[in-house]
Amino acid sequence: MSVVSWAKQTVDPKRKYRFRMYFGTEALKYYYVKTAMLPKANVSVVEHSYFDYNFKFPGRVTWDPITVTMVAPADPTEDPTNELYKILLRAGYRFPNLSTGEQLSLSKLGFKNANFSNIKLQTVGANGEQLDEWTLNNAFLTNIDFGGSLEYASDDLIEVSFEINFDWATKTDSNSATPGGTSPAF
């Protein structure tokens, strides 16, 4: 067993600021992403009582939504607010004043057809090489904040934030051929 030492020149930790995020759609530019959460898995606990004893067993795995914050540039061709709004429309959102609006609604298939279903979040090394990659499977948008508030007393940048819900995440690192083991078979 080798001992890892921080004094070695070859040891470089992963850094929070070295990441890229890909949304599938080219209109959401990854270089405007300011912050992105990494996936978080929760394992439920199932208890079984037997006489005076309680035994705990692992239950189901659920994945928490992640939050992404993007900076909104003034160029309307690259503004994430425009693309997020278009993704909602392509995914099935309709205004209530349209005659067919009551017959349509958002769906996972709609988000897939809007090219927003398998989101990729990569960490990169000091030389730009990909260290690992998370894929958020069957992803869809929730809780979109198109920029917060506007105020004359502030010179802050407008930031767009949104949550991404997904069914499961797979992880691939630079040493593995299969992402996170085998995918679930349904």
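The model is predicted, so local features need pLDDT of at least 70 and side-chain atom pairs count only at pLDDT 80 or more, while totals for chains, interfaces and linings use all residues. Residues are numbered from 1 along each chain as its sequence is written, and side-chain values use heavy atoms, leaving out hydrogens and water.

**The four-stranded sheet**
- An open sheet is formed by four strands in the order β1-β6-β7-β10, with antiparallel pairing.
- At the edges stand β1 (19-22) and β10 (168-173), each with a single partner strand, so one side of each has no neighbour in the sheet.
- Strands here are DSSP runs (E, at least two residues), numbered from the N terminus, and two strands pair if DSSP finds at least two bridges between them.
- β1 pairs with β6 (residues 119-124) in the antiparallel sense over four bridges; the partner of Y22 in β6 is K120.

**Pairings of β9**
- Strand β5 (residues 66-71) is joined to β9 (residues 159-165) by six bridges, and the two run antiparallel.
- In β9, V160 stands opposite M70.
- Strand β8 (residues 140-145) also runs antiparallel to β9, joined by four bridges, and L141 stands opposite I164 of β9.

**A handy reminder**
- Strands of a sheet pair through backbone hydrogen bonds, either parallel or antiparallel.

**F57**
- F57 lies in strand β4.
- With a relative accessible area of 47%, F57 is partly exposed (buried means under 20%, exposed over 50%, partly exposed in between, with a 1.4 Å probe and protein chains only).
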